[in-house]
Amino acid sequence: MSSLPATQTTHIATATAQDVFVRGKSLCSELIGKVSFTEMTYFQITGRMPSAGQTAVVDACLVTLVEHGLTPSTIAARLVYSSAPEAVQAAVAAGLLGVGSVFVGTVEGCAALLARIVAAGGRTDEEARRVAEEHRAARRAVPGFGHPLHKPDDPRSECILRVAQEQGIAGRHVAALRALATAVDAAHGKHVTINATGAIAAALADAGVPVEIMRGFALIARCAGLVGHVHEEQRSPSLRPIWEAAEHAVPYEEG
């Protein structure tokens, strides 16, 4: 067990009576009005100011993740808001709790697999086949692949990968994703689309976002989407029709 230093420190922020400093930069003279929200997000999390290409790629990924319709997370946010309209933050928090290994959070699972393939060096194709075959044998979906609606291909994925290519960011992780896509198709004996979270995993990794915090970017984007759903719930409540639809879809039966 490693020993902790006698004094813990933070490298993120401090404040004086005249200013706030974030990672060594003045909030008032170097950041406000000088950088975009996407740039600030990248800087805050990684400690590095992104290049123009990295900013464009991260921005494309954030835009993609904002909205996905009436998914479990947005339904949760709407129901909690209509149940407790005095707490917008509770509704958004409820929705964010649904960002996990099944919805949206799969970006993290795919990124971990891509990192494994990249680490194989010259054996990229071999490692990709191993990953695909392991998941096929275990009857587990490969994170970042497959979609119930977008077939044969997910239109969002190629948009993201195109931005990464045009910005000069696409690199080893995008290449690993392509190799994994070929291996997944071979393992299933049919074409399986790269979904949006798969493309985002590769693009963010090549843009320098660490695997362990990648889900955080998904949370940031989804937060904006949830606020939009809460605002619509304020104007056009859906609690009653969702409640009634649930009772109709899942009727009571004595067991």
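This is a predicted model: local features need pLDDT of at least 70, side-chain atom pairs count only at pLDDT 80 or more; totals for chains, interfaces and linings use all residues.
Figure 1. Residues are numbered from 1 along each chain as its sequence is written, and side-chain values use heavy atoms, with hydrogens and water left out. A search of the whole structure identifies 10 salt bridges, a salt bridge being a side-chain nitrogen of Lys or Arg within 4 Å of a carboxyl oxygen of Asp or Glu.

**Figure 2. The salt bridge between Arg 78 and Glu 233.** The closest N and O atoms of this pair are 2.9 Å apart. The pair connects distant parts of the chain, with Arg 78 in helix H4 (residues 72-83) and Glu 233 in helix H11 (residues 214-235), 155 residues apart. Helices (H or I, at least four residues) are DSSP runs, numbered from the N terminus. Both Arg 78 and Glu 233 are buried; buried denotes under 20% relative accessible area, exposed over 50%, and partly exposed in between (1.4 Å probe, protein chains only).

**Figure 3. The salt bridge between Arg 130 and Glu 126.** The N to O distance is 3.1 Å. The two residues lie four residues apart in helix H7 (residues 124-137), so about one helical turn separates Arg 130 from Glu 126. Arg 130 is partly exposed at 31% relative accessible area, and Glu 126 is partly exposed at 33%. Both belong to a network of salt bridges that links Arg 116, Glu 126, Glu 127, Arg 130 and Glu 134.

**Figure 4. The salt bridge between Glu 166 and Arg 162.** The closest N and O atoms are 3.9 Å apart. Glu 166 and Arg 162 are four residues apart in helix H8 (residues 155-166), and therefore about one helical turn separates them. Glu 166 is exposed, with a relative accessible area of 58%, whereas Arg 162 is partly exposed at 43%.

**Figure 5. Packing of helix H3 (residues 52-66) and helix H10 (residues 196-206).** The helices pack at an angle of about 160 degrees, their axes 10 Å apart; axes are lines fitted to C-alpha atoms over the stretch in contact, and angles run from 0 to 180 degrees between N-to-C directions. H3 is therefore roughly antiparallel to H10, a term for angles over 145 degrees. Contact (heavy atoms within 4.5 Å) involves Val 57, Val 58, Cys 61, Thr 64 and Leu 65 of H3 and Ala 196, Ile 200, Ala 203 and Leu 204 of H10.

Terms used: Angles under 35 degrees count as roughly parallel, over 145 as roughly antiparallel, 65 to 115 as roughly perpendicular and the rest as oblique.
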